[in-house]
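The sequence and model are shown first.

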2 protein chains.
Amino acid sequence: MTKKLTPALRAVKALTFDVFGTVVDWRGSIAREGLKLGKELACAPTGPRSPMLARRLPAGDAGSALGPATLTNIDSLHRRILDRILDESASHAGRGAEGPLEPRLAPPRPWPDALRGLKRLKKGYLVTTLSNGNVSLLTNMAKHAGLPWDCVLSAELFHHYKPDPEAYLGAAAMLGLKPHEVMMVAAHKSDLRAAQAAGLRAAFVQRPLEFGDPAKKDLKPEKTFDVNAKDFIDLASKLGL
Amino acid sequence: MTKKLTPALRAVKALTFDVFGTVVDWRGSIAREGLKLGKELACAPTGPRSPMLARRLPAGDAGSALGPATLTNIDSLHRRILDRILDESASHAGRGAEGPLEPRLAPPRPWPDALRGLKRLKKGYLVTTLSNGNVSLLTNMAKHAGLPWDCVLSAELFHHYKPDPEAYLGAAAMLGLKPHEVMMVAAHKSDLRAAQAAGLRAAFVQRPLEFGDPAKKDLKPEKTFDVNAKDFIDLASKLGL
């Protein structure tokens, strides 16, 4: 069962996971919530996986869309966008005078393989988040879904969002490891390339349904990544676990 | 089974745990290691729970002994003290010329009730560390012992060690909670009093064997604390879990 690992992979001691899109199906989860909310507001979005909310949220972990204004807390940015959409929706639905709505966003669901895969990976590696989402968001999500992180790291701790090298290097340093002893696991190639540029290893995980339609996602394995995996179970197998 | 909680306790959403002495028997663990090492070096310390190493380490979480020199990483401070003791021991044992010794410190053992208690407390509360130990130390210890933290918070993240208010307030803010929604759990009264001064709630847990001899420890329950408990099981019961 144990695969022969390359020397580079044998040196890896910790796996840092991108979360939104890689571990949890956040756009799908928001879409489900958006549909429910839309029905209440009589302004249902078009199509189950392209609700106006998910389309307008910045890519939580892809990072490129995040400007300096978001440096303190991504929750508050999401909340501001959500409030604006709700304001517009309420106006469209003629409910503008009824005061602010309190949205009830359910925590995003993990991809079907995530829990089982993480439990396997945890046997051989320290497993942690490395997300642009803030610590409280990541912690509450993990608690709700039972995600078995060894610790919860966020770009929030390093005052730099991915893809800034400080986020990746900060995570390695906080774990007491050298960059090459840490492997970033993500469904987004830009995240992985930035991690590699900072000296980390990179494992690409395909998430064909992140945008609903596999055709919308770049799923091609790349030789430049240390591992290319179909999901977390496949990743565990490819790491000899 | 469910106890009637006071309004103050009903507002608590997260428990932040002091670790060294409260969750793990670190002095006892170091003592055991010290005895082993002492035998190898032919300089066994006197008494099983008062080895020279444990006596000379600063109180990891009591905080009062920590000066600004330790602000980056408590691991390196411990390591420096350990190296000095090993140097002295090696000299005493006439082994000074054999080069540096690599100490093999086993991770400290949790107190017997810790795992079971934490699992119960986790059902009703977000449970996290709030220790002066650094994140990597706390994470590796938790992984080794199977401590089921929801996240791993350290004074390291707030650039202030306990008992500075910034450490307690930083933890509450990072969890997205108000200070009174967070309860510090500790076996050290100074830690709890500092938490209370910052606006947190406080649960005192007796650890009569922290210094080996119960007579050496202030174990008296105090009315000023929100909860006084014998151990984590008792704490869970007193919180209605």
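## Buried salt bridges in chain B

B:Asp113 is buried, its relative accessible area being 9%; the class "buried" denotes under 20% relative accessible area, "exposed" over 50%, and "partly exposed" what lies in between (1.4 Å probe, protein chains only). B:Asp113 forms a salt bridge with B:Arg207, in which the closest N and O atoms are 2.8 Å apart. A salt bridge here is a side-chain nitrogen of Lys or Arg within 4 Å of a carboxyl oxygen of Asp or Glu. The pair links distant parts of the chain, 94 residues apart: B:Arg207 lies in the loop between E5 and E6 of chain B, and B:Asp113 in the loop between helix H4 (74–92) and helix H5 (114–122) of chain B. At 4% relative accessibility, B:Arg207 also counts as buried. Helices (H or I, at least four residues) and strands (E, at least two) are DSSP runs, numbered from the N terminus.

The model is predicted: local features need pLDDT of at least 70, side-chain atom pairs count only at pLDDT 80 or more, and totals for chains, interfaces and linings use all residues. Residues are numbered from 1 along each chain as its sequence is written, chains are lettered from A and ligands numbered from 1 in the order in which they are written, and side-chain values use heavy atoms, with hydrogens and water left out.

Side chains of opposite charge can pair when their charged atoms come close. In chain B, the side chains of B:Glu210 and B:Arg27 meet in a salt bridge of 3.1 Å, N to O. This pair connects distant parts of the chain, with B:Glu210 in the loop between strand E5 (201–205) and E6 of chain B and B:Arg27 in helix H2 (residues 26–41) of chain B, 183 residues apart. B:Glu210 has a relative accessible area of 2% and is therefore buried; B:Arg27 counts as buried at 14% relative accessibility.

In chain A, A:Arg27 forms a salt bridge with A:Glu210, the closest N and O atoms being 3.0 Å apart. Because A:Arg27 lies in helix H2 (residues 26–41) of chain A and A:Glu210 in the loop between E5 and strand E6 (227–229) of chain A, the pair ties together parts that are 183 residues apart in sequence. Both A:Arg27 and A:Glu210 are buried. Over all chains, the count comes to 24 salt bridges.

## Relation and contact of the two chains

Two copies of a chain are related by a rotation about an axis and a shift along it. Chain A can be laid on chain B with an RMSD of 0.0 Å by a turn of 180 degrees and a shift of 0.0 Å along the axis; the superposition is by least squares on the C-alpha atoms of residues with pLDDT of at least 70 in both copies. The two copies are thus related as by a two-fold rotation axis. In chain A, the C-alpha nearest the axis belongs to A:Cys151, 2.7 Å from it. The same surface serves both copies, since 100% of the contact residues of chain A recur in chain B; contact means heavy atoms within 4.5 Å.

Chain A and chain B each give 17 residues to the contact. The area buried between chain A and chain B is about 1,400 Å², of which carbon and sulfur atoms give 63%; buried area is the accessible area (1.4 Å probe) that two parts lose on being put together, summed over both. Two salt bridges are counted between chain A and chain B. The side chains of A:Asp150 and B:Lys143 meet in a salt bridge of 2.7 Å, N to O.

## The sheet of chain B

In chain B, six strands form an open sheet in the order E3-E2-E1-E4-E5-E6, with parallel pairing. Strands pair if DSSP finds at least two bridges between them. Strand E3 (151–154) and strand E6 (227–229) of chain B stand at the edges, each with a single partner strand, so one side of each is left without a neighbour in the sheet.

Strand E1 (residues 14–17) and strand E2 (residues 126–131) of chain B pair in the parallel sense over four bridges. B:Thr16 stands opposite B:Thr128 in E2(B).

## Helix H8 and the composition of chain A

Chain A contains nine helices and six strands, and buried residues make up 55% of its 241 residues. In helix H8 (residues 189–197) of chain A, the buried residues include A:Leu192 and A:Ala195. The buried residues of H8(A) pack against helix H7 (165–174), strand E4 (182–186) and strand E5 (201–205) of chain A. H8(A) is followed by A:Gly199, whose phi is positive, near 105 degrees.
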